[in-house]
Amino acid sequence: MTQAQTGASLRLIKKYPNRRLYDTRTSTYITLADVKQLVLANEEFQVVDAKSGEELTRAILLQIILEEESGGMPMFSSNMLSQIIRFYGHAMQGIMGSYLEKNIQAFMEIQTRMAEQSKGLYGSQFGPEAWTQFMNVQTPMLQNMMNNYIDQSKNLFVQMQDQMQDQTRAMFSTFPFTPGSTPGGTPGTGPGTGRK
């Protein structure tokens, strides 16, 4: 796919200084609620500053999340948001972002598979109301399954960390110093050891 084709299929929304959003495809002003509908419809779009051309898509998506979180049923607890904030500027920030993205993708695949299986079993009579009732009954089982998945994921991460430490030890074992020694000195000598 060429860049021109990608640009043609991408819906461009311009944000003006008065905070209004302008949909260039429909030539109309739209609201955050309209942008949310684009997200729900899986429509690809990009939000840019009308004056500078600066990319603002993430900022608009964060605004939508903030509005949703301010509503009656927030998805993120204060503790979870605090934990996420602590990862900013941390060495693990990139890994955390990738980890969250992959887990959300896995969760979406599970949701899609369950929806397809329910259609196969019940056909079109399994409407949104029935799906909601089904999910209310299945929530404890799904939470159990997700907890097991998270525990397995945590164990794999710990194993990966142990393997990395073992590889690091093996890599540095070829150097002439031993644990507790200072480079260029003998073990147990130097500042802070009490020996001269």
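Tutor: A salt bridge is counted here when a side-chain nitrogen of Lys or Arg lies within 4 Å of a carboxyl oxygen of Asp or Glu. The structure is a predicted model, in which local features need pLDDT of at least 70 and side-chain atom pairs count only at pLDDT 80 or more, while totals for chains, interfaces and linings use all residues. Residues are numbered from 1 along each chain as its sequence is written, and side-chain values use heavy atoms, with hydrogens and water left out.

Student: In what order do the elements of the protein run from the N terminus on?
Tutor: Helices (H or I, at least four residues) and strands (E, at least two) are DSSP runs, numbered from the N terminus. The protein has 6 helices and 4 strands. Read from the N terminus, their order is α-β-β-β-α-β-α-α-α-α.

Student: What percentage of the residues of the protein count as buried?
Tutor: A residue is buried under 20% relative accessible area, exposed over 50%, and partly exposed in between (1.4 Å probe, protein chains only). The protein has 196 residues, and the share that counts as buried is 13%.

Student: Which residue forms a salt bridge with R11 at 2.7 Å between the closest N and O atoms?
Tutor: Side chains of opposite charge can pair when their charged atoms come close. The closest N and O atoms of R11 and its partner D23 are 2.7 Å apart. R11 lies in strand β1 and D23 in strand β2, so this pair ties together parts that are 12 residues apart in sequence. Both residues are buried, and the partner asked for is D23.

Student: Is E43 buried, partly exposed or exposed?
Tutor: For comparison, R11 has a relative accessibility of 12% and counts as buried. R25 has a relative accessible area of 42% and is partly exposed. E43 has a relative accessible area of 25%, so its class is partly exposed.

Student: What separates the C-alpha atoms of K14 and A50?
Tutor: K14 is found in strand β1. Contact means heavy atoms within 4.5 Å, and leaving out residues up to four places away in sequence, K14 touches R20, L21, Y22, T24, V48 and A50. K14 and A50 are 36 residues apart along the chain, yet the separation of their C-alpha atoms is 5.0 Å.

Student: What is the phi of R19, a residue that is not a glycine?
Tutor: Most residues other than glycine have a negative phi, and most peptide bonds are trans. R19 lies in the loop between β1 (11-15) and β2 (21-23), and it is exposed, with a relative accessible area of 70%. Its phi is positive, at about 75°.

Student: In which loop is N42 found?
Tutor: N42 also has a positive phi, near 60°. N42 is exposed, with a relative accessible area of 67%. This residue is found in the loop between α2 and β4.

Student: Which helix gives the most to the nonpolar patch?
Tutor: Patches are made of residues with over 30% relative accessible area and no salt bridge, like charges being joined within 9 Å and nonpolar side chains (Val, Leu, Ile, Met, Phe, Trp, Tyr) within 5 Å. I95, F157, M160 and M164 make a nonpolar surface patch of about 370 Å², with accessible areas from the Shrake-Rupley method with a 1.4 Å probe, only the protein chains shown counting as cover for residues. M164, at 48% relative accessibility, counts as partly exposed. The helix that gives the most, with 3 residues, is α6 (residues 128-172).
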